[in-house]
Amino acid sequence: YLAFARNLYWDLGLGWDKTTVARDAQALFGDPLLAAAGTGNLALGAGSPAVDAGTKATPVALTQDFIGLARPSGAADDVGAFERAQ
């Protein structure tokens, strides 16, 4: 009954593939390259696979990210709550 779409999964090098997350047919895999997760900074770093990989899955347009940055900042929305300024 749950459906997931276009999430980013990081397996710490364990070799997950689409069969591991079968409920997410559009799954992305890779290190999200967060700016400084250990200190609570979950902003996307340069080269993150989440940058410009999002889709609009909401019935209303989201024009800002979690902290108020305009969305999209690049070619498309970024995956997740934070948009990377480009």
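1. The model is a predicted one.

2. Overall make-up. The protein chain contains four strands and zero helices. Read from the N terminus, the order of its elements is β-β-β-β. Its radius of gyration is 13 Å, close to the 12 Å that the globule rule gives for 86 residues, so the chain is as compact as a globular protein of that length. The C-alpha trace spans about 35 × 35 × 20 Å along its principal axes.

3. Burial, surface and contacts. Of the 86 residues, 23% count as buried. The accessible surface of the chain is about 5,600 Å², and carbon and sulfur atoms hold 61% of that. If contacts are limited to residues at least 6 apart in sequence, 24% of them join residues at least 24 apart.

4. Charge. The protein chain carries 9 negative and 6 positive side chains. The centres of these two sets lie 5 Å apart.

5. Nonpolar core. Which residues make up the largest nonpolar core? There are five: Leu28, Leu44, Ala50, Ala53 and Val79. Val79 is in contact with Leu28, Leu44, Ala50 and Ala53, and also with Arg6, Asn7, Leu8 and Gly54, leaving aside neighbours within four places in sequence.

6. Asp77. This residue lies in the segment after S4. Is Asp77 buried or exposed? Asp77 counts as buried because its relative accessibility is 9%, and the cut-off for buried is under 20%. Not counting residues up to four places away in sequence, Asp77 touches Asp52, Ala53, Gly54, Lys56, Arg71, Pro72 and Glu83. Ala53 and Gly54 are also among the contacts of Val79.

7. The Arg71 to Pro72 bond. Most peptide bonds are trans. The bond from Arg71 to Pro72 is cis, with omega near -5°. Pro72 is found in the segment after S4, and both Arg71 and Pro72 are touched by Asp77.

8. Ala61. Ala61 also has its place in the segment after strand S4 (41-44). Ala61 counts as exposed because its relative accessibility is 58%, where exposed means over 50%.

9. Positive phi values. Most residues other than glycine have a negative phi. Leu12 is not a glycine, yet its phi is positive, at about 55°. Leu12 sits in the loop between strand S1 (8-9) and strand S2 (28-29), and is exposed, with a relative accessible area of 63%. Leu33, another residue other than glycine, has a positive phi near 55°. How exposed is Leu33? At 33% relative accessibility, Leu33 counts as partly exposed, since that term covers values between the buried and exposed cut-offs.

Methods: Residues are numbered from 1 along each chain as its sequence is written. This is a predicted model: local features need pLDDT of at least 70, side-chain atom pairs count only at pLDDT 80 or more; totals for chains, interfaces and linings use all residues. Side-chain values use heavy atoms; hydrogens and water are left out. Helices (H or I, at least four residues) and strands (E, at least two) are DSSP runs, numbered from the N terminus. Buried means under 20% relative accessible area, exposed over 50%, partly exposed in between (1.4 Å probe, protein chains only). The radius of gyration is taken over C-alpha atoms; the globule rule is 2.2 Å times the number of residues to the power 0.38. Contact means heavy atoms within 4.5 Å. Accessible areas come from the Shrake-Rupley method with a 1.4 Å probe; for residues, only the protein chains shown count as cover. Lys and Arg count as positive and Asp and Glu as negative; His and the chain ends are not counted. The place of a charge is taken as NZ of Lys, CZ of Arg, CG of Asp or CD of Glu. A nonpolar core is a set of buried Ala, Val, Leu, Ile, Met, Phe, Trp, Tyr and Cys residues joined through side-chain atoms within 4.5 Å.
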